[in-house]
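Please examine the structure shown below. The briefing that follows treats its sheet, its helices, its salt bridges and its nonpolar cores in turn.

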Amino acid sequence: MSTPKQSLLATIHQFKRTVEEFQTAGEDMALFQTPLNPVVAEPAPSVPEASAKKIAVPKPRFELAGSEFEALAETVENCTACPLHRNRMHTVFGEGKIDAQVVFVGEAPGVDEEKESRPFMGEAGQLLDKILASIGLSRDHVYLCNLIKCRIPGNRNPQPGEIAACKLFLEKQLAVLKPKVICTLGAFAAQTLLETNEPLAQLRGHEHTYRGIPLIPTLHPESLIYHPQNKRLVWEDIKYLAVKLGLAGKST
């Protein structure tokens, strides 16, 4: 007497033979390729090719109930779409004024940011505070976030898969915030939102748009720690940002 598993395997083999007979006869196989009511099921252990399939990066779902930002932040906190989740202490979603006119987008949180689960802390954060103050702003007036929501080990550049996994979260943040202007800090945030491989040196100094929103690229504050001679370039970009925000008279 056959077991249920043996019966199932026999049915699968019979189905495969039937499919092959149809293909040999030149019949249209659309019926078998696209079922009217597809059912997603766990792959049967007897199908060896299942383990060889490439696992796609899952797209986060955004059917949000209640506070959109709270729900999105929870989705980010539980995200396992890329390997960065394996060693993280905390995710860094972002913080600031929800109805801010300007959103600053950096690259990824560092050690200080991960510890406090807040963006732009430490020496780079202090420098950003001074940059904001130069045009009459503070963290209370803006929204701060990063392209990547988890700390990257060794402070290396983000990899394409990591960017792809986090890009959707950033896009949703910007869709909810609807800022008047976006200011990207560093090459990766600018290149990702503008969908370009042009170096930051060619991108900055020009106004771009992201889905109809003016986007101003500039250098990341951390780079100014090691290359203080570039502060003049950032000052030029920030003055232009002040003009876009109607704060030109407040810059110092």
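Helix α6 (160–177) lies across the strands β2, β3 (143–146), β4 and β5, and runs at about 165° to β3. Such angles, from 0 to 180 degrees, are taken between N-to-C directions, with axes fitted as lines to C-alpha atoms, for helices over the stretch in contact. Helix α10 (residues 231–244) also packs on the sheet, where it touches β2, β4 and β6, and its direction makes about 165° with that of β6. This is a predicted model, in which local features need pLDDT of at least 70 and side-chain atom pairs count only at pLDDT 80 or more, while totals for chains, interfaces and linings use all residues. Residues are numbered from 1 along each chain as its sequence is written, and side-chain values use heavy atoms, with hydrogens and water left out.

**The sheet**

- Helices (H or I, at least four residues) and strands (E, at least two) are DSSP runs, numbered from the N terminus.
- Six strands form an open sheet with mixed pairing, in the order β1-β3-β2-β4-β6-β5.
- At its edges stand β1 (95–96) and β5, each of which pairs on one side only; two strands pair if DSSP finds at least two bridges between them.
- Strands β2 and β4 run parallel and are joined by four bridges.
- Valine 103 has isoleucine 182, in β4, opposite it.

**Helix α7**

- Six of the eight residues of helix α7 (residues 187–194) are buried, so this helix is largely enclosed by the rest of the structure.
- Buried means under 20% relative accessible area, exposed means over 50%, and partly exposed lies in between (1.4 Å probe, protein chains only).
- The buried residues of α7 are Ala189, Ala190, Gln191, Thr192, Leu193 and Leu194.

**Salt bridges**

- The whole structure holds twelve salt bridges, each defined as a side-chain nitrogen of Lys or Arg within 4 Å of a carboxyl oxygen of Asp or Glu.
- One of them joins the side chains of glutamate 114 and arginine 151 (2.9 Å, N to O).
- Glutamate 114 lies in helix α4 (residues 111–116) and arginine 151 in the loop between β3 and α6, so this pair ties together parts that are 37 residues apart in sequence.
- Glutamate 114 counts as buried, at 5% relative accessibility, whereas arginine 151 counts as partly exposed, at 25%.
- Beyond residues up to four places away in sequence, glutamate 114 touches Asn87, Arg88, Met89, His90, Val92 and Arg151; contact means heavy atoms within 4.5 Å.
- Arginine 139 and aspartate 129 meet through their side chains in another salt bridge (2.7 Å, N to O).
- This pair links distant parts of the chain, ten residues apart, with arginine 139 in the loop between α5 (122–133) and β3 and aspartate 129 in helix α5.
- Arginine 139 is buried, with a relative accessible area of 16%, and aspartate 129 counts as partly exposed at 31% relative accessibility.
- A network of salt bridges links Glu95, Arg118, Asp129 and Arg139.
- In a further salt bridge, the side chain of arginine 232 meets that of glutamate 236 (2.9 Å, N to O).
- Arginine 232 and glutamate 236 are four residues apart in helix α10, so about one helical turn separates them.
- Arginine 232 is exposed, with a relative accessible area of 52%, and glutamate 236 counts as partly exposed at 36% relative accessibility.

**Nonpolar cores**

- A nonpolar core is a set of buried Ala, Val, Leu, Ile, Met, Phe, Trp, Tyr and Cys residues joined through side-chain atoms within 4.5 Å.
- The largest core has 33 residues, of which Tyr143 and Ile182 touch the most other members.
- At least two residues of this core come from each of α3 (68–77), β2, β3, α6, α7 and β6.
- Helix α6 gives the most to this core, with seven residues.
- Isoleucine 182, leaving aside its neighbours within four places in sequence, is in contact with Val103, Val105, Leu174, Leu193, Tyr210, Ile213, Pro214, Leu215 and Ile216.
- Another core, of 25 residues, lies apart from the largest one, and Phe104, Ile131, Val181 and Val234 are among its members.
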